[in-house]
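Thanks for making the time this morning.

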Amino acid sequence: MELRDKINELKDYLGQYERLEQAIGLIYWDMRTNIPNKAGESRSKVLEYLSGESFKMITSPKIEEFIKDLTPYKDEMNLTERRMLEELERNYNETKKIPEDKYVAYVGLCSNSELAWEKAKDASDFEIFKPYLEKVVEFQKEFINYWGYKDDKYDTLLDKYELGLTTEKLDKIFSELRDGIIEVLNKVKGSKKKLNRDFLYGHFDADKQKELSLYILDKIGFDMEAGRLDVSVHPFTTNFGNKDVRLTTNYHEDEFTSALFSTIHEGGHGIYEQNISDDLECTGLQAGASMAIHESQSRFYENILGRSKEFCSYLLPVAKKYFNDFKDVTLDEFYEAMNYVETSLIRTEADELTYGLHIIIRYEIEKELINGRISVDDLKDLWNKKYKEYLGIEPKNDSEGILQDMHWSDGSFGYFPSYALGNLYGAQMFHTLLNEKPNVMEEVKNGNLTEVTKWLNEKVHVHGAIYTPEELIKRITGEELNPKYFIDYLKNKYYKIYDVE
Ligand code: CO
């Protein structure tokens, strides 16, 4: 066997798989942005069919053959080829462990469960969703038995989103994070300084918001020739390779920041995807290093850059051109309004400081649930109790409490931690960036993000999924993930804003 020939054969096969996945992705995108109301059901059938084909391709005996033929030649391969083989083997083994009939039944359950969640959320009644959630949890537990586990069952789920992550590591990281956030939050609460953000509310024409969003996207380095911006209820990013990266946002005319910062957030995801190397096409590695690393990039643009004083000093005059409301607003007022801290019930509306607490609550609940130490029956009370304990507020109804996120409806247990880890990774990278390029934020004042984006391109984006998150953060910053950087960043920022120390 000629090694090169075999690798090319594998790449051809993965190329076919990627094209099928792109078609599936495009249908998903269409369903969430443009689809006529009556077309949902028939389009679901198209998806079901194509997903079945995709499952067949990735569990086919052909894959096993590739793995068997190529494994003896690992030492002769370059890094990309080796990683391609490793990822292929990992995915194949994971997927293969679940019997096909179980998988199909689970996919069916999830689409019903998502609908039930939507209904329950509208009616603000957890009871509507509960029987579905119970089944989803049972399936997840069964899957964990198929996949196998060592110390903690929840580790198996964490590992799916963040390779190598365990509850043992995360307990330590999150306890440090929780203490750090609470320390800063208590000082902020005790501050005599009252911030004003009234001017962020009023009437902001959606067309003008769209113009501004597109303008800012271009400024931060998103390539509109290889992407687009549309509207959906929940903003998201999807991509088909690195030349077609689609973002959505959602304009609220009564408020200024929501759409703009959603756009910048999704823009960060998009810039990542657009800059992954062309060489990784057809390798299975043309993707982010992990969910948390992806989230580190979106949050880097949204918060670390987007809500920095430097960027605000660029943004304010631009915003003034679009909206008269900011006529008399000073830079300090604008910057402070962008970083207003308020403990709130809804995760997606949380500020940068308290956001992590929302995630820690979910993590603690999921861990107990998956290990069978609590049941679905206990969820609501536990949720409300933890909100009271960590944030000092309690949901008045299910829809602003236990039903607010859709993640559990499709069984995405183990996903939530990625959001908080994204903040940590981002702050740690930022620390290194400032060491390497001390003046980089000066340019941001002029709306010039080229240097920052170039640095992220080189350090993170171009590598796609070649490195594990653990390897990547070590390569970039010289050490493993350390929550200290994010906590220092919070202290630095919010003590100044709130005049405390
Ligand atoms: Co995101």
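This is a predicted model: local features need pLDDT of at least 70, side-chain atom pairs count only at pLDDT 80 or more; totals for chains, interfaces and linings use all residues.

How much space lies in the second largest cavity? The answer is about 30 Å³, where a cavity is, on a 1 Å grid over the protein atoms alone, a set of points at which a 1.4 Å probe fits but cannot get out, and where a volume is the space filled by probe spheres set on the points, with grid points joined across faces, edges and corners. Residues are numbered from 1 along each chain as its sequence is written, and side-chain values use heavy atoms, with hydrogens and water left out.

Back to that cavity, then. Its lining, meaning residues with an atom within 4 Å of a point, consists of R362, W383, I402, D405, W408 and F416. By class there are 4 nonpolar, no polar and 2 charged residues in this lining, with Ala, Val, Leu, Ile, Met, Phe, Trp, Tyr, Cys and Pro counted as nonpolar, Asp, Glu, Lys and Arg as charged, and the others, Gly among them, as polar.

The count comes to 2 cavities of 30 Å³ or more, and the largest cavity holds about 50 Å³ of space. Helices here are DSSP runs (H or I, at least four residues), numbered from the N terminus, and α11 (291-305), α16 and α20 each supply at least two residues of the lining of the largest cavity.

Let me turn to the helices α16 and α20 themselves. Their axes, which are lines fitted to C-alpha atoms over the stretch in contact, with angles running from 0 to 180 degrees between N-to-C directions, come within 7 Å and cross at roughly 80°. That makes α16 roughly perpendicular to α20, since the label covers 65 to 115 degrees. The contact (heavy atoms within 4.5 Å) is made by N423, L424, A427, Q428, F430 and H431 of α16 and by Y485, F486 and Y489 of α20. It has 6 nonpolar, 3 polar and no charged residues.

How does α16 lie against α19 (residues 469-477), parallel or perpendicular? The two axes come within 9 Å and cross at roughly 25°, and α16 and α19 are therefore roughly parallel to each other, the limit for that label being under 35 degrees. On the α16 side this contact is made by Y425, Q428, M429, T432 and E436, and on the α19 side by P469, I473, I476 and T477. These residues divide into 5 nonpolar, 3 polar and 1 charged.

At least two lining residues each come from α12 (309-322), α13 (331-338), α16 (417-436), α17 (440-444) and α20 (484-497), with α20 supplying the largest share, 7 residues. By class, the lining of the second largest pocket comprises 10 nonpolar, 3 polar and 9 charged residues.

Notes: Angles under 35 degrees count as roughly parallel, over 145 as roughly antiparallel, 65 to 115 as roughly perpendicular and the rest as oblique. On a 1 Å grid over the protein atoms alone, a cavity is a set of points where a 1.4 Å probe fits but cannot get out, and a pocket is an open set with protein on both sides within 12 Å along at least five of seven lines; lining residues have an atom within 4 Å of a point.
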